[in-house]
Amino acid sequence: MPRLKLISPAPKGKYCNKKGKTSFPQLNLRIIEALTPEDFEVEISDERVEDLDLGDSPDLVGITTLTSVAPRAYEIADLYRSRGIPVILGGIHPTLLPEESLLHADSLVMGEAEMTWKEVVEDFRAGRLKKTYSGGNLQAFEKTFPRLRPVKRPEAYSIPHTIQTTRGCPFDCKFCSVTRLWGKQYRCRPVDDVINEMVEMGSGRMVIVDDNVIGNPRYAKDLFRKMAPLNIRWAGQASITLANDDHLLELLKKSGCEWLFIGIESLSPENLAAMKKSFNKIEKMEEHIKKIKGAGINVVGSFILGLDHDDQAVFDEVPRFCIRTKLDAANLYIFTPLPGTVLFDTMEEEGRLITKDWSLYDGNHVVFRPAKMSPDELLEGYIKAYKAIYSPIPIFQRATGFSRRTFEMLALNLLRMKNRKGFCDWSRSGHPGRLTATV
Ligand code: B12
Ligand code: SF4
């Protein structure tokens, strides 16, 4: 029986929580597993929660590759290939930078694997793997979505169930690489298909990994209505425009939504316009957050710091906003020009990239020269903002307005406060700002 090993690498140099839990399993490798013919023995190894056994001898290796884990993926690929074991890389990084990725792989699967995996497996059996397989965007999303097998070691994940209901995004925010992979057309799986998959997972908690669960409000309403009786509790991502539709918000709540990650991105209208994300209306933001929180949904706001219209005031403004709106939690990211985006190309042309060490392209490091501050100021300001959100008094100030699940939210906030030192050390480690000239 041929053995296929599928690997999700951990960010290079970053500690892995091998004894504890990580958030949730990668959906992509479970899809590849489900698409693989039954006569293969498939093993999924997630380096974020286990030590990889790199001394084994599978017949074929597949590695999923985000930009920030690309150096580690290449390291693993080189190791297997040096022993004559063929390696296939897939995911967004090889899709966007195929020439570079091909230096470390026998084959690349670009785009969505559902389109090509069957052919890859046939070619592998026949000993004629091609250099690249280009999946493009799966139009018949519904017909080809495979039936997933149960998660290996569910206890390693805080939430072991992940599901995807839609792909694509009609917007093209300049910092985001989603449309490069999924395309601009918003594609929805048939609601009944999704519901069947949810029923198979059983009641309990799950994460919907869609970029925007309410991207098509009609579809979302239908889905939420049918989810309501399932007794599911879920977390997902949605745009703030949710607050404009009372009925949608009510159905979302009834469907069992507990947490929403909302991309607030920036409090500056100039930044939002420059990033083509003007549908985030700053003047309405506080009112909208209040409304969503008022419906009993925990809101985790996500912010990007260091955009071209940010000066150092942003490091005070964002924490103040989080306290004022009593956000349940906030995710702060340093602006990172992702390869394959227009912003990356522009910054490269302007000589503003400080490094192309992809392991630093994780939103916690400064990899470019900001417009209105130095790289060091951005890094230290980012750390300062993180501390101003995850310290006892600000946590207490926000906790008085947590939407619900106060104890759980408090625990999450205190955990982030406890991990503050590790977080700051990680961000400062490998900081290329002062040390490196342009590449
Ligand atoms: C959920 C999510 C997360 C979650 C969980 C990730 C997880 N464990 O699943 C969390 C919150 C932890 C997270 C973290 C981060 N994320 Co994230 N995340 C996502 C999101 C919204 C969905 C991912 C997903 O499950 N997609 C569904 C699966 C099925 O799609 P897929 O992985 O692309 O796989 C398909 C194909 O690519 C291909 N494929 C993929 N792998 C392989 C492997 C093989 C062998 C083959 C053959 C095919 C194949 O086949 C699959 C089926 O078609 C995506 C956006 C998106 N739309 O994908 C961003 C996204 C992947 N994240 C992104 C980023 C930047 C990050 C962070 C750096 C934080 C940040 N600054 O935003 C960290 C990095 C994490 C790390 N490992 O280092 C970027 C990646 C860009 C890039 N060039 O790498 C994305 C694309 C969003 C964006 N802003 O553009 N993320
Ligand atoms: S940030 Fe969200 S809305 Fe903008 S392109 Fe990416 S997925 Fe679409």
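Domain bounds here come from an automatic or database domain assignment. The model is predicted: local features need pLDDT of at least 70, side-chain atom pairs count only at pLDDT 80 or more, and totals for chains, interfaces and linings use all residues. Residues are numbered from 1 along each chain as its sequence is written, while chains are lettered from A and ligands numbered from 1 in the order in which they are written.

**Stop 1: the two domains.** Colour domain 1 (3-134) and domain 2 (159-428) separately. Their C-alpha centres lie 27 Å apart. The contact takes 17 residues from domain 1 and 17 residues from domain 2; two residues are in contact if their C-beta atoms, placed from the backbone, lie within 7 Å. Now select α2 (70-82) and α3, the elements that give two or more residues to the side of domain 1 that touches domain 2. Helices (H or I, at least four residues) and strands (E, at least two) are DSSP runs, numbered from the N terminus. The largest share of that side, three residues, comes from α3.

**Stop 2: ligand 1.** Select ligand 1 and its shell of 36 residues. A residue is near a molecule if its C-beta atom, placed from the backbone, lies within 6 Å of it. Gly 62, Thr 64, Gly 90, Ala 113 and Gly 363 are the closest. Domain 1 and domain 2 both give residues to this shell, so ligand 1 lies between them. Show α1 (27-35), β3 (60-64), β4 (87-90), α3 (92-96) and α7 (178-182): each supplies at least two shell residues. The largest share, four residues, comes from α1.

**Stop 3: the largest nonpolar core.** This core has 102 residues. A nonpolar core is a set of buried Ala, Val, Leu, Ile, Met, Phe, Trp, Tyr and Cys residues joined through C-beta atoms within 7 Å. Buried means that 20 or more other C-beta atoms, placed from the backbone, lie within 10 Å of the residue's own. Pick Ala 77, Ile 292, Leu 305 and Tyr 382, which touch the most other members. Helix α15 (residues 375-389) gives the most to the core, with seven residues. Centre on Ile 292. Leaving aside neighbours within four places in sequence, Ile 292 is in contact with Leu 242, Ala 243, Leu 249, Leu 260, Ile 297 and Val 299.

**Stop 4: helix α9.** Select residues 217-227. Ala 220, Leu 223, Phe 224 and Met 227 are buried. The buried residues of α9 pack against α8 (191-201), β11 (232-237) and α10 (246-254).

Notes: Buried ≥ 20, exposed ≤ 12 C-beta atoms within 10 Å, placed from the backbone.
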